[in-house]
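Visitor: I would like to learn how to read a model like this one. Could you take me through it feature by feature?

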Amino acid sequence: MLFEYTRRRGVRSPVTDATTFKVGRLHQAASLGSKTVDLSHLIDTSYNYHSPRELRWHLAERFGVAPTVVDLREHA
C-alpha cells in the first residue's frame with residue numbers, strides 16, 4: 001500500500017523536544033492512469049507525528065496490515 005501525504009507544521013514535542021508535523025492530506029497513491037483516493041478523513045489530522053515511521057505504523061494499525069506493507073511518500 002503506497003500512501004502520499006502532505007506535511008503541515010507541528011509543534012515541538014514537550015517530551016522529546018523534537019520537531020513534529022501534522023498530516024495535511026493523505027492520499028492512497030494510484031496505479032498508472034488512475035485517480036488518487038483522498039483518505040484524510042480516516043486519520044486524526046490534528047495529531048503531531050514525530051517521524052514518517054510513526055505515521056507508517058499508525059496507518060498499518062488503521063488498515064490492519066503489517067507496517068512493512070505500508071509505503072509512504074511525502075508530496076512536495
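Guide: Happy to. Helices (H or I, at least four residues) and strands (E, at least two) are DSSP runs, numbered from the N terminus. By that reading, the protein chain has 1 helix and 4 strands. A word on the ground rules: this is a predicted model, where local features need pLDDT of at least 70, side-chain atom pairs count only at pLDDT 80 or more, and totals for chains, interfaces and linings use all residues. Residues are numbered from 1 along each chain as its sequence is written, and side-chain values use heavy atoms, with hydrogens and water left out.

Visitor: In what order do the elements of the protein chain run from the N terminus on?

Guide: The order is β-β-β-α-β. The radius of gyration is 13 Å, close to the 11 Å that the globule rule gives for 76 residues, so the chain is as compact as a globular protein of that length. That radius is taken over C-alpha atoms, and the rule is 2.2 Å times the number of residues to the power 0.38. Along its principal axes, the C-alpha trace spans about 45 × 25 × 20 Å.

Visitor: What is the mean pLDDT of the protein chain?

Guide: pLDDT is the predictor's confidence in each residue, from 0 to 100. Where it is low, the predicted coordinates should not be read in detail. Here the mean is 88, and 93% of the residues reach 70 or more.

Visitor: How much of the protein chain do buried residues make up?

Guide: Buried means under 20% relative accessible area, exposed over 50%, and partly exposed in between (1.4 Å probe, protein chains only). Buried residues make up 24% of the 76 residues. For the surface itself, areas come from the Shrake-Rupley method with a 1.4 Å probe, and for residues only the protein chains shown count as cover. The accessible surface comes to about 5200 Å², of which 53% belongs to carbon and sulfur atoms.

Visitor: Which residues is Ala18 in contact with, leaving aside its neighbours within four places in sequence?

Guide: Contact means heavy atoms within 4.5 Å. With those neighbours set aside, Ala18 is in contact with Val11, Arg12 and Ser13. Ala18 lies in the loop between strand S1 (2-12) and strand S2 (19-28), and its relative accessible area of 28% makes it partly exposed. The C-alpha atoms of Ala18 and His50, 32 residues apart along the chain, are separated by 7.3 Å. Asp17 is found in that loop between S1 and S2 too, and its phi is near 60°, a positive value in a residue other than glycine.

Visitor: Where is Arg8 found, and what does it touch?

Guide: Arg8 is found in strand S1. Not counting residues up to four places away in sequence, Arg8 touches Phe21, Lys22, Val23, Gly24 and Thr45. Its relative accessible area is 39%, so Arg8 is partly exposed.

Visitor: And in helix H1, is Arg53 buried or exposed?

Guide: Arg53, placed in helix H1, counts as exposed at 54% relative accessibility. Leaving aside neighbours within four places in sequence, Pro52 is in contact with Tyr5, Arg7, Phe21 and Leu72.

Visitor: How far apart are the mean positions of the positive and negative charges?

Guide: Lys and Arg count as positive and Asp and Glu as negative, while His and the chain ends are not counted. Each charge is placed at NZ of Lys, CZ of Arg, CG of Asp or CD of Glu. For the 11 positive and 8 negative charges here, the mean positions are 4 Å apart.
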